[in-house]
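Student: I have a model open and would like to talk it through with you. Where shall we begin?

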Amino acid sequence: MKFVIDTLGADKGIDIFIQGALKAQKKNKGLEFIFVGPEDQIKDSIEKFEGNINCYEYINAVEVIENTEEPVLAIRRKKDSSMVKAFMSLKNGDADAMLSAGSTGALLAGGTLYIGRISGVARPALCVVLPNFSDYGSATILLDVGANVDTQAKLLYSFGVMGVEYAKLIFQNEIIRLGLLNIGAEEGKGNEIVKETYQLFKDSKFNFIGNIEARDILYSKAQVVICDGFAGNIAIKTIEGTALAIGGLLKKEIYSSTRMKIGGAFIKPAFSKLKQAFDSDQYGAAPLLGTKKPIFKAHGSSSAEGIEQGIYLMHNFMKNNIIENIKNQFVNKEEKNDL
C-alpha cells in the first residue's frame, strides 16, 4: 500500500510525519510513502531519523492552506499547496490513501471536489473516536464533528450507515449499538430534524438504542453516536476543554504543598491512565467517511506516535475494504440519500 502524506499544517512541524511514517514502515515493510512538502526539509528529516531518502517519493510544495482561509476558495486557488498536490496524487492513482493535519474545511472541500463522493452519499462526514468509561466498551465513535453544520434527517441517517460500517472495523463486531445525540433521552425530544432522524433509525435495520444526551457520551451504551457537525464539534471541544481544565486544576493542587505532592505520587498511575484515555494519539487520525478514496485527518497537535497510529488505522481501513462496504450499503434505494 502506498500512502501520500501532506507534511504541512501540523503544530509540531514536518518531523512528526517523517518519524511516524518511518516507525510504521519498520513494523510493516509493505508500506510505501509519498511525502508532500518542502522536499529538502523532508529529506533532512528522513536522514535525521536514520531513513534512506532513496526509498521514498517526493512532491515539492511550500504553500499551505491556513485554517483562517475560506476552505472552498483556498482549495480552488492554491493549486500549489501541499494539500492540493496530495489530493492530485490520490486522484491520479499514485497513492492509495491520503493523510493530512491541515485545515478540516479544506480537507472536506478537496475530498468532495478532487476525489468525489460515493454514489448515494450527499456529503462526507468526519468522525472521531472518544473514550468510553462505561461497562459496555472502551470507545465511542462520534460523527459528524464539524464537516456539516447544516443537515437534514436523511443526511444524518446516511452518517449512521457510514458510522456503523466504520465501527465494525474499530470494534471487530458486526452488531453495532447506534445512538442519536439529543437534548433528552426520551423519544420526542429535540428539533424537527432530530425527531425525524430518530424515526428513520427506529424504523431501520440498525441496532438503534435511542437518544443519547451530551453528558452521557463518555458513558453511553452506544458505540456510534450521530449528530450534525455543529453539535458534534461543540461536544468534542467541550470534552477536550473540560479534560484539560480538570487536569490543570489537579496538577496545580498537587504541587501546592509538600503533603499534596506526596499524596500525588501515590495516585500518579491513575492520572496517567486517565490522560492516556483522552489522548488523541491512540487512534491517530479520523477518516472522512463518504469519499471514493480513503482520506484521513490527523489532529493538528499530533505527535509522531499519533501519525504512526494513524497510518496503521489507514492500513486496516483499506485492508478491511471499508469504502467498498459503505458503497454496498447505499446500493438499495432505501439507503440512498440524494439530497
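Tutor: Let's begin with a term: a residue is called buried under 20% relative accessible area, exposed over 50%, and partly exposed in between. Keep in mind that this is a predicted model.

Student: Is glutamate 39 buried, partly exposed or exposed?

Tutor: Its relative accessible area is 24%. Buried needs a value under 20% and exposed one over 50%, so glutamate 39 counts as partly exposed.

Student: Which residue forms a salt bridge with glutamate 39?

Tutor: Look within helix α2 (residues 39-48), where the two partners are 4 residues apart, so about one helical turn separates them. The closest N and O atoms are 2.9 Å apart. The partner, partly exposed at 24% relative accessibility, is lysine 43.

Student: How far apart in sequence are the parts tied together by lysine 2 and glutamate 57?

Tutor: The two side chains meet in a salt bridge, 2.5 Å from N to O. Lysine 2 is buried at 17% relative accessibility, while glutamate 57 is partly exposed at 36%. Lysine 2 belongs to strand β1 (residues 2-6) and glutamate 57 to strand β3 (residues 57-60), so the parts tied together are 55 residues apart.

Student: In the salt bridge of lysine 27 with glutamate 308, which residue counts as buried?

Tutor: The closest N and O atoms of this pair are 3.2 Å apart. The pair links helix α1 (residues 15-27) with helix α10 across 281 residues. Lysine 27 has 63% relative accessibility and counts as exposed. At 6%, the buried residue is glutamate 308.

Student: How many salt bridges are there between domain 1 and domain 2?

Tutor: The chain is divided into domain 1 (1-121 + 290-338) and domain 2 (122-289). A search of the whole structure finds 11 salt bridges. Across the domain interface there are 6 residue pairs in polar contact, but the count of salt bridges between the two domains is 0.

Student: Which element gives the largest share of the side of domain 1 that touches domain 2?

Tutor: The elements giving two or more residues to that side are α5 (104-115), β11 (295-298), α10 (304-319) and α11 (322-329). With 7 residues, the largest share comes from α10.

Student: What area do domain 1 and domain 2 bury between them?

Tutor: The size of an interface is often given as the accessible area lost when the parts come together. Here 33 residues of domain 1 are in contact with 27 residues of domain 2. Carbon and sulfur atoms hold 62% of the buried area, which is about 2600 Å².

Methods:
Residues numbered from 1 in each chain as written. Predicted model: local features only at pLDDT ≥ 70, side-chain atom pairs only at ≥ 80, totals over all residues. Heavy atoms only, no water. Domains from an automatic or database assignment. Contact = heavy atoms within 4.5 Å. Buried area = accessible area lost by both parts, 1.4 Å probe. Salt bridge = Lys/Arg side-chain N within 4 Å of Asp/Glu carboxyl O. Polar contact = N/O pair within 3.5 Å; in protein donor to acceptor, adjacent residues only side chain to side chain. Buried < 20%, exposed > 50% of the residue type's maximum accessible area, 1.4 Å probe, protein only.
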